[in-house]
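Subject: Structure for your review

Dear colleague,

I am passing on the structure below, and I would be glad if you could look through it alongside the notes that follow.

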Amino acid sequence: MYALYRYAQEGRLMDRSSQLNFGVDVGKHELVIASRADQHIIKIANQPEAIGGWLKRLPPDCRIGMEATGVYHLQLADLAHAAGHQVYVFNPRTVAVYLKSLRSRGKTDILDARGIVRYVQNEADEHPLYTPSSATERSVQTLLHRRHQVVKQRAALRTSCQSLDELTRAPFDPLLAAFDQCLRKIDTQLRQLVRADGKLHALATRLRSIPGVGPLISTALALRLSRHPYRNSDALVAALGMDPRPHQSGVSDAPRHLSKQGNGEERRLIYMAAVSACRCALWRERFEQLIARGLPSTAAHCIIARKLLRIAFAINKKRQAYSVEALSGNCHTT
């Protein structure tokens, strides 16, 4: 068995050594491309014609890595995937930490591209391959992101107005009402988009059967679970940054903190779902048990949130709505 495993690993390494790796620093107007083969740098416009011309000159099955940059990386990622290459879109935060470890003497687009191609060669196997979103999925993702921005701006304005008297606060009331109206329109459009996609709507409906899970988090989780085939529920928990990260060295064992990787808005939504779920008897009892153990309420809610994510994973896997009996095994894991 070990010999077969070693043979498979060696074969995989041989396949990787024969591939060309490219790292791309993506800008709004320009792409800076580095090749691991010779560290050669080329610059092309971030336009479909220029990208297509560069891709045509590449051998088949190259590995092309880039950071997620809002929308600027999408043209390259989609075209490279359509051309048959292996495409990786990395978390900018993760790549930034890696680039710092290279002890570069500065930060330029060229140095970033060379660092990204090294990351592709050494770390890409630990990342999922990029797959393009459908038009509906991309619209839902965009609306969820924009909604998050509106919520943050509304919260900032409300906080700044709390200390004002009624007369001074009056000029800001129309703006707060406009924020509320914008959120209602976004929510309506999200519902329409989800209903138009049968698979997404069916999964979101099943997820809403979980106590505490409302329309927003069910939509976000349905989108994530339909796009990413997670190996297990631990992977889903880690993807939302809800996994506690150990900090241990020798006899020192510091308190664990959430990794907070991934999408911050989805993490906020699943936390709020846990707060809401604790209003029902099942989760309220579990929450009180955690508080009795001496845990603060935030930590207890995070534990409940992880349980909700594990249940969501089971619902997606078994294709059935929530029930305590059918999913009891997922209700008692942390």
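Predicted model: local features only at pLDDT ≥ 70, side-chain atom pairs only at ≥ 80, totals over all residues.

Residues are numbered from 1 along each chain as its sequence is written, and side-chain values use heavy atoms, with hydrogens and water left out.

Helices (H or I, at least four residues) and strands (E, at least two) are DSSP runs numbered from the N terminus. An open sheet is formed by 5 strands in the order 3-2-1-4-5, with mixed pairing, where two strands pair if DSSP finds at least two bridges between them. Strand 3 (41–45) and strand 5 (86–90) are the edge strands, each pairing on one side only, and the twist from one strand to the next averages 25°. Strand 4 and strand 5 pair in the parallel sense over 5 bridges. Helix 5 (residues 109–123) packs on this sheet and touches strand 1 (21–26), strand 2 (30–35), strand 3, strand 4 and strand 5, contact meaning heavy atoms within 4.5 Å.

Methionine 66 lies in strand 4 (residues 63–67) and counts as buried because its relative accessible area is 0%, the classes being buried under 20%, exposed over 50% and partly exposed in between, with a 1.4 Å probe and protein chains only. Leaving aside neighbours within four places in sequence, the contacts of methionine 66 include Val24, Val26, Leu76, Val89 and Ile116.

The axes of helix 2 (residues 48–56) and helix 3 (residues 74–82) come within 10 Å and cross at roughly 40°, where axes are lines fitted to C-alpha atoms, for helices over the stretch in contact, and angles run from 0 to 180 degrees between N-to-C directions. Pro48, Ile51, Trp54 and Leu55 of helix 2 meet Gln75, Leu76, Leu79 and Ala80 of helix 3 in this contact.

A nonpolar core is here a set of buried Ala, Val, Leu, Ile, Met, Phe, Trp, Tyr and Cys residues joined through side-chain atoms within 4.5 Å. The largest has 55 residues, of which Leu207, Ile210, Ile270 and Leu308 touch the most other members, and helix 14 (297–318) gives the most to this core, with 11 residues. A second, separate core of 19 residues includes Phe22, Val26, Leu31 and Cys62.

With best regards
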